[in-house]
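Thanks, everyone. Please bring up the model on your screens, and I will walk you through it.

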Amino acid sequence: MARPLHWLATATAMAAVIATAGLVQPATGTPATTPEPTANGPQAPAPDPAAATYPLDCNGAPQTVTATAQGDLDGDQRPETVAAVRCDAGSGTPPHAIYVLTQDHTEGARPRVVATLLDTGKRQTATELTVRDRVVTATLLGYSAPGVPRCCPDTKQLAKWRWSDGKFRQELTDSAARSV
């Protein structure tokens, strides 16, 4: 049976959530991933993640692109697209792979995967995917032990990748996993 103290605590928590929601304001200004025009005119469009073929084996299930970010990662004045992709399993939390896409100058060329930043074997879910100052950043949710249900990741880690010496290198700015 619920006690009055339980209801008071619940009402206080709900009031705090509503008050906090009233303080949150939408972001204003220009997004950080907006491509800037080059000296030779407007920049080429970023590769379309929906037009790419990903090297992700879903055993017949469809693939889903859940997040994207665009920016010039290698300094060639042409934007790349970073895509977080997973199998559309219908339930649970399928792991993500994070791919970097580029597109050739040729007419009708399809975007192609040029790098895999995160493989599904890591069993992590990618959120908050961004590109800023030629660095890819993602928040990775994972599991502290094999027994943790796949619906409920319990660790959180910030991952960053930077193009250096002809390949992407992961920067371990926050290598210690934290509880979610």
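One definition before anything else. A polar contact here is a pair of N or O atoms within 3.5 Å; within protein, one must be able to donate a hydrogen and the other to accept it, and residues adjacent in sequence count only if both atoms are side-chain atoms. Now the ground rules. This is a predicted model, so local features need pLDDT of at least 70, side-chain atom pairs count only at pLDDT 80 or more, and totals for chains, interfaces and linings use all residues. Residues are numbered from 1 along each chain as its sequence is written, and side-chain values use heavy atoms, with hydrogens and water left out.

The side chain of Asp-72 reaches the backbone nitrogen of Gly-75 at 3.0 Å. Where is Asp-72? In the loop between strand E1, residues 63-71, and strand E2, residues 80-87. Helices (H or I, at least four residues) and strands (E, at least two) are DSSP runs, numbered from the N terminus.

What about charge partners for Asp-72? Asp-72 is buried and has no salt bridge. The nearest side chain of opposite charge is Arg-134, 5.6 Å away. For charge, Lys and Arg count as positive and Asp and Glu as negative; His and the chain ends are not counted. A salt bridge is a side-chain nitrogen of Lys or Arg within 4 Å of a carboxyl oxygen of Asp or Glu. Buried means under 20% relative accessible area, exposed over 50%, partly exposed in between, with a 1.4 Å probe and protein chains only.

Step back to the whole chain. The protein has one helix and eight strands. From the N terminus on, the order is α-β-β-β-β-β-β-β-β. There are 180 residues, and 30% of them count as buried. The accessible surface is about 11500 Å², with 55% belonging to carbon and sulfur atoms. Those areas come from the Shrake-Rupley method with a 1.4 Å probe; for residues, only the protein chains shown count as cover. Contact means heavy atoms within 4.5 Å. Among contacts with a separation of 6 or more, 43% come from residues 24 or more positions apart.

Next, Thr-81. This residue sits in strand E2. Is Thr-81 buried or exposed? Buried, because its relative accessibility is 0%. A polar atom of the Thr-81 side chain lies 2.6 Å from the backbone oxygen of Pro-47.

Now the strand pairing. Two strands pair if DSSP finds at least two bridges between them. Strand E5, residues 125-132, and strand E6, residues 135-142, run antiparallel and are joined by six bridges. Val-131 stands opposite Val-136 in E6. E5 and E6 form a hairpin with two residues between them. In that turn, Asp-133 has a positive phi of about 55°.

Two further positive phi values deserve a look. Glu-128, in strand E5, has phi near 50°. Glu-128 counts as exposed because its relative accessibility is 55%. Asn-59 also has phi near 50°, a positive value in a residue other than glycine. Asn-59 lies in the loop between helix H1, residues 4-23, and E1. With a relative accessible area of 71%, Asn-59 is exposed.

How many salt bridges does the structure hold? Three. Arg-112 pairs with Asp-104, closest N and O atoms 3.4 Å apart. Arg-112 is partly exposed at 41%, and Asp-104 is partly exposed at 37%. Arg-162 pairs with Glu-171 at 2.6 Å between the closest N and O atoms. Arg-162 is partly exposed at 35%, and Glu-171 is partly exposed at 23%. Arg-169 pairs with Asp-165, closest N and O atoms 3.9 Å apart. Here Arg-169 is partly exposed at 36%, whereas Asp-165 counts as exposed at 69%.

Last stop, His-105. This residue is in the loop between strand E3, residues 96-102, and strand E4, residues 112-118. His-105 counts as exposed because its relative accessibility is 67%. His-105 and Ala-44 are 61 residues apart in sequence, yet 9.0 Å apart in space, C-alpha to C-alpha. That is the tour.
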